[in-house]
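Here is a short briefing for a first look at this structure. Keep the view open as you read.

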Amino acid sequence: MKPVAVPYDARRATPVPGLEDLYAAIRADTRSPGDWQRVAETVAEAVRPVLPSAREVLLAVPADARHGADRGQVLHVESDGSFSVVALVTRPGYATSIHDHTSWCVVGVVAGQEREESFRVAGASGFLELTGTRIDDAGAVAGFAPPGDIHRVTNSGVGLGISLHIYGTDINRIGNSIRRTYDLPVHSAR
């Protein structure tokens, strides 16, 4: 499933204190230019201590998305377009498509458990090779950047999964953070 985001409208946004602290931390670390991987790592470090609670995130998403949704909910787009914050609230078993991104990305797990599988395109016949799997519990924060950011995220827990996805772009302008989805056979690395 391709995680398309619901557009952000600043006029309808309700300020939530924990989220405002998060936006300020991201803002501070996106003002200096740098290579995308370094920016993702710096933002991940800044986000870790100010990751909001599940309650704060749920207050910011529409009521119909609070029990799990197939679409990300855009919580914030910085006025200069330098970053966007999307909440993903999922039911157990939900999985994204295998995809990569248009910009750097930071993911913070707020509640539940996520399994992230990493891939690379391999072989002359064009298949995906599974290169790693990571299980992230609430409080985990990771950053990554293209190229080499092909992955799939699954709610591997038994309850609601809530995560924040921070992208180094204006998600309203480009529509979503996904550059490409991959529908190739998957093989495990040997």
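This is a predicted model: local features need pLDDT of at least 70, side-chain atom pairs count only at pLDDT 80 or more; totals for chains, interfaces and linings use all residues.

Ala-87 in strand S3 is the bridge partner of Gln-73. Ala-87 also stands opposite Leu-164 in S10.

**Strand S3 and its partners**
- Strand S2 covers residues 72-77 and pairs with S3 in the antiparallel sense, over four bridges.
- S2 and S3 form a hairpin, with six residues between them.
- In the turn of this hairpin, Gly-81 has a positive phi of about 80°.
- S3 also pairs with S10. That pairing is antiparallel too and runs over seven bridges.

**Burial of S3**
- Why is S3 described as largely enclosed by the rest of the structure? Seven of its seven residues are buried, so the rest of the structure largely encloses it.
- Both faces of S3 are covered.
- On one side, Ser-84, Val-86, Leu-88 and Thr-90 are buried.

**Nonpolar cores**
- The largest nonpolar core has 27 residues, and Trp-104 and Leu-164 touch the most other members.
- Helices H1 (17-29) and H2 (36-47) each supply at least two residues of this core. So do strands S3 (84-90), S5 (105-111) and S10 (161-167).
- H2 gives the largest share of this core, five residues.
- A second, separate core has eight residues. Among them are Val-77, Val-86, Cys-105 and Val-107.

**Glu-117**
- Glu-117 lies in strand S6, which spans residues 113-122.
- Is Glu-117 buried or exposed? Its relative accessibility is 10%. Buried means under 20%, so Glu-117 counts as buried.
- The side chains of Glu-117 and Arg-152 are joined by a polar contact of 2.8 Å.
- Leaving aside residues up to four places away in sequence, Glu-117 touches Leu-130, Gly-132, Thr-133, Ile-150, His-151, Arg-152 and Thr-154.

**The chain as a whole**
- The chain has four helices and 12 strands.
- It has 190 residues, and 51% of them count as buried.
- Take the contacts in the chain with a separation of 6 or more: residues 24 or more positions apart account for 80% of them.
- The chain exposes about 9,200 Å². Carbon and sulfur atoms supply 51% of that area.

Terms used
Residues are numbered from 1 along each chain as its sequence is written. Side-chain values use heavy atoms; hydrogens and water are left out. Buried means under 20% relative accessible area, exposed over 50%, partly exposed in between (1.4 Å probe, protein chains only). A polar contact is a pair of N or O atoms within 3.5 Å; within protein, one must be able to donate a hydrogen and the other to accept it, and residues adjacent in sequence count only if both atoms are side-chain atoms. Contact means heavy atoms within 4.5 Å. A nonpolar core is a set of buried Ala, Val, Leu, Ile, Met, Phe, Trp, Tyr and Cys residues joined through side-chain atoms within 4.5 Å. Accessible areas come from the Shrake-Rupley method with a 1.4 Å probe; for residues, only the protein chains shown count as cover. Two strands pair if DSSP finds at least two bridges between them.
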